[in-house]
Amino acid sequence: MEAVRSEDTKAKIKASMAETHARRKSQICRVFELKVSIRHNPKAVFEKLSQCFKEAKWVINDMLSLSKDNPDNSMFEYKYTEHRDVVHYDKDKNPVTSSITLPSVLHRATVAQKKTDIINLAKSKKKGIKVGALKFKSEVNCIPIITGFTKILDASHVTIPGFRKLKVNGLHQIEFEEYEIADAKLIRKASGYYVKLTIMLPKEPRNRTRKSVGLDFGIRNTITTSDNKTYDCKVQETEYLKYLSKMLNRHKKEKDSKRRWNCRKQLAREHEHVANIRKDICNKIYHDLVSNYDVIYIQDEQIKNWQQTWFGKQVQHSCMGALKQRIKMLVKADRAFVLSKWLPTTKMCPVCGAVNTIGLDERTYHCDCGYTKPRDWHSACNVLLFGTTKRAECVEHASAEVASSMPPSSSGVAQVAPSKRKPEAHRF
Ligand SMILES: [Zn+2]
């Protein structure tokens, strides 16, 4: 049984939470992935890791089945100490009872995570988002670790609950003088096991460049900036991936065969490899843009719709969507601005304002007034032009709103904090 917290303890928890919250304001968050070294850890470690993920699945399914069999029994009453033995099903769907050997910190965290999931689902439901019920899991690939139980021992070892000394690769990334581990997770991927660490670092002031950029997302050159720089974010499907997909298709009929299973495993690994390349390219472009420019302007084009056309494959194999998503996240910090997709950025001439139609195959933009420019560069420049005017309008509008809401005695220079601006104001 969990002890009931006294008022004193509750106050202490509240105070420490407030302290952490205050500290987080001067910190930035970074996530690092450390791979559990396949070569330098004994085989027993991997057997234990595999068992952990299996048992985490049993625990989650046990929680769900108990609450489904007995609707009065809420999942919130599930205590991990009372359920050391769980029922799960074997290959032929016969019930088997096994006792859990999962390290108790991981056991507790898994149960707590599911309870948080339920709370989050309820919150989304309250907001009007359509939600479903929690489903039984056929596979669990992520185990949360309670904060405070993970430590970095030296340049290549970490401690996590149940594994006193785990040799990992990638700790060279965390060579900071001052850092704080905020969260940790144990992850299973096709390529192996990973420990994912969320680390808080002290915030450093950013050097302002006083430059802005407009971006044009195209199919041929992928991304063009208003400074006429092009980024290629295409990622080719590897030959090996094609080969594996073909092989998997060939073994379609042997449903439970070892060969098919191996093939599937290899295919998942290869997919992960390609995804990593894509992620890397996305990171590099994003970093380049963010460190060189103060404000990034983009147009809200429907990349998803492009996927349905015959350019689909090219778009699917690029990191464009992910990059756009990341740039959109900057809107809140006032570092990015999203234009409506209906603005004629490709068709309008910036010199005389005429709207000329331009075919998909025409690579150069011509206007009757004598203006010519390569198509993608032209539209990136237009995005910048439209963006700066619209953004200025927005700032003016927001400052007028704030000035009108302020009492007349305190009216001076109305300054608008970015958080006070409505997010809707960025879209028209
Ligand atoms: Zn013109």
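The model is predicted, with local features needing pLDDT of at least 70 and side-chain atom pairs counting only at pLDDT 80 or more, while totals for chains, interfaces and linings use all residues. Residues are numbered from 1 along each chain as its sequence is written.

Next, show strand E1 (residues 27-36) with strand E9 (residues 192-202); they run antiparallel and are joined by nine bridges. Strands here are DSSP runs (E, at least two residues; for helices, H or I, at least four), numbered from the N terminus. Two strands pair if DSSP finds at least two bridges between them.

Pick Lys-35 to find its bridge partner in E7, Asn-169.

From E7 (residues 163-169), go to E6 (residues 157-160), an antiparallel partner over three bridges. Here Ile-160 is opposite Phe-163 of E7.

Now display the whole sheet: seven strands, open, antiparallel, in the order E4-E8-E9-E1-E7-E6-E5. E4 (142-145) and E5 (151-152) are at the edges with a single partner strand each, so one side of each has no neighbour in the sheet.

Finally, select helices H5 (residues 258-292) and H8 (residues 320-328), which pack at about 40° with axes 9 Å apart. Axes are lines fitted to C-alpha atoms, for helices over the stretch in contact, and angles run from 0 to 180 degrees between N-to-C directions. Contact (C-beta atoms, placed from the backbone, within 7 Å) involves Cys-282, Ile-285 and Tyr-286 of H5 with Ala-322, Leu-323 and Arg-326 of H8.

Notes:
Contact = placed C-beta atoms within 7 Å.
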